[in-house]
2 protein chains.
Amino acid sequence: MAQQNIFDNETFFEGYKKIREREVNANNIYEIPALFSLLPDMKGKKILDLGCGFGEHCMEYIKMGADRVVGLDISEKMLEIAKKENSDPKITYLHMPMEDLGQLKDTLSEDDLMFDVVISSLAFHYIEDFSGVLRNINSLMNKGGLFIFSQEHPLNTCFTGKNRWTVDENGKKLHVNLMNYCVEKETECEWFVDNVKRYHRMFSTIINTLIEEGFSIEKLIEPYPDEEILAKYPDYSDNLHKPDFLIVRSRKNV
Amino acid sequence: MAQQNIFDNETFFEGYKKIREREVNANNIYEIPALFSLLPDMKGKKILDLGCGFGEHCMEYIKMGADRVVGLDISEKMLEIAKKENSDPKITYLHMPMEDLGQLKDTLSEDDLMFDVVISSLAFHYIEDFSGVLRNINSLMNKGGLFIFSQEHPLNTCFTGKNRWTVDENGKKLHVNLMNYCVEKETECEWFVDNVKRYHRMFSTIINTLIEEGFSIEKLIEPYPDEEILAKYPDYSDNLHKPDFLIVRSRKNV
């Protein structure tokens, strides 16, 4: 299986970097606070960050008291920046697609293996074999450990075309044009470049697959704008119609 | 709190009865098979059916070998029919809104109390205090018992107006006009009569509330038309855009 490595495409990389550098973006407003709200006390924990990108989260986990952090990403370009900007003796960055996680046992020392917390920010909608990756994650975790991840919301991943919204004559978004939520498939969207591949799974499939692979569900977040966010960023009221993200906290069964 | 008892409204009752009597309806195609697929071996079990309506399911559970079934409904009219058409010495029908479940302990003999399986078909979207009802259900269940229910899908309950779909010039449904999925509220819809009240909860709220009230999630179903259904009933292809129902199997924590 050839994994998509869109992040090493020049055009994509530059566009993506710009959006993440903006102070106000959906990640900063919704996704990161929600993801971080689900973290346990990180003191003394061994952490695996799947799709670590520029490594900012890895560095945060060290600041929170984590003992060891392994950051894994498919993009060499991102890891280069991670190693420059977010380096720490307690962090190991690895260049590897998530689909190859099974090989981690051959790569890491015994000290670094068996994680207490596995975290992933916005990477799972790029994964075709969700079951397979979950099985590998489970095999690398201590019993009772936490697996916490965010992904694009299923109401997003089902879109293929460009007409996601119906807008009025002033450009105000009236409603989402929801199609084919029940058709699980590879979807392509335009995001800086054409043909960014994502994998659409229904809400129930995501939850059922976690359960089948040995995790129990602890909490879900579908972040949406509260009054405070709406007062500061009125443009984000569109997200009352549908959330952009789904965040899940699950625990490896004892 | 005054519970809505729309089922005892004459117009509603007649309309509802007609739709349920049709051989081909969304209940028969999707909801009932999904709900029943989640049932355990019912032999010797004590069952509570919340919103039992005409009692058809109660009778099915007896046929499956259940030891005792208590059927509870807010509608006197429906229970009258249940007692006529689906009567059995092992079934007790009770006229009671689900919100008063806490009083069941004063109503039933000790023999009838403490259920192994609690089941509810399409009633929970009429419940305002979801947490409160779940707490009462939990207190009436044996540890490790199953709570299995269906409700209108959250992509349905968020609708208030009439323009749920965008259709082309031939009346073909193109997409769902999804609005305010993130606004949890009482919604009114037209269904045989005006102003049928429902309570919209996001997917995450439904799951989180179950977990907070002492249940663990075992399986979710969002039924949609497979090839077999599409071949038999091509009109049901609309349900590829959004499911009508959500079905949940959860277990009372040990």
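Between chain A and chain B, the salt-bridge count is zero, where a salt bridge is a side-chain nitrogen of Lys or Arg within 4 Å of a carboxyl oxygen of Asp or Glu. This is a predicted model, with local features needing pLDDT of at least 70, side-chain atom pairs counting only at pLDDT 80 or more, and totals for chains, interfaces and linings using all residues. Residues are numbered from 1 along each chain as its sequence is written, chains are lettered from A in the order in which they are written, and side-chain values use heavy atoms, leaving out hydrogens and water.

## What the chains share instead

Polar contacts do turn up: 18 residue pairs, both at pLDDT 80 or more, link chain A and chain B this way. Such a contact is a pair of N or O atoms within 3.5 Å; within protein, one must be able to donate a hydrogen and the other to accept it, and residues adjacent in sequence count only if both atoms are side-chain atoms.

On the chain A side, strand S7 (173-178), helix H8 (203-212) and strand S10 (215-221) each supply at least two of the residues touching chain B. Helices (H or I, at least four residues) and strands (E, at least two) are DSSP runs, numbered from the N terminus. S7(A) pairs with strand S7 (residues 173-178) of chain B, antiparallel over three bridges; pairing takes at least two DSSP bridges. A:Val176 has B:Leu178 as its bridge partner in S7(B).

## Salt bridges elsewhere

Over all chains, the whole structure has 14 salt bridges. One pairs A:Arg198 with A:Glu152, with the closest N and O atoms 3.0 Å apart. A:Arg198 sits in strand S9 (residues 193-200) of chain A and A:Glu152 in strand S5 (residues 141-152) of chain A, so this pair links distant parts of the chain, 46 residues apart.

## Chain A overall

Chain A has nine helices and eleven strands. Its C-alpha atoms fill a box of roughly 60 × 40 × 40 Å along the principal axes.
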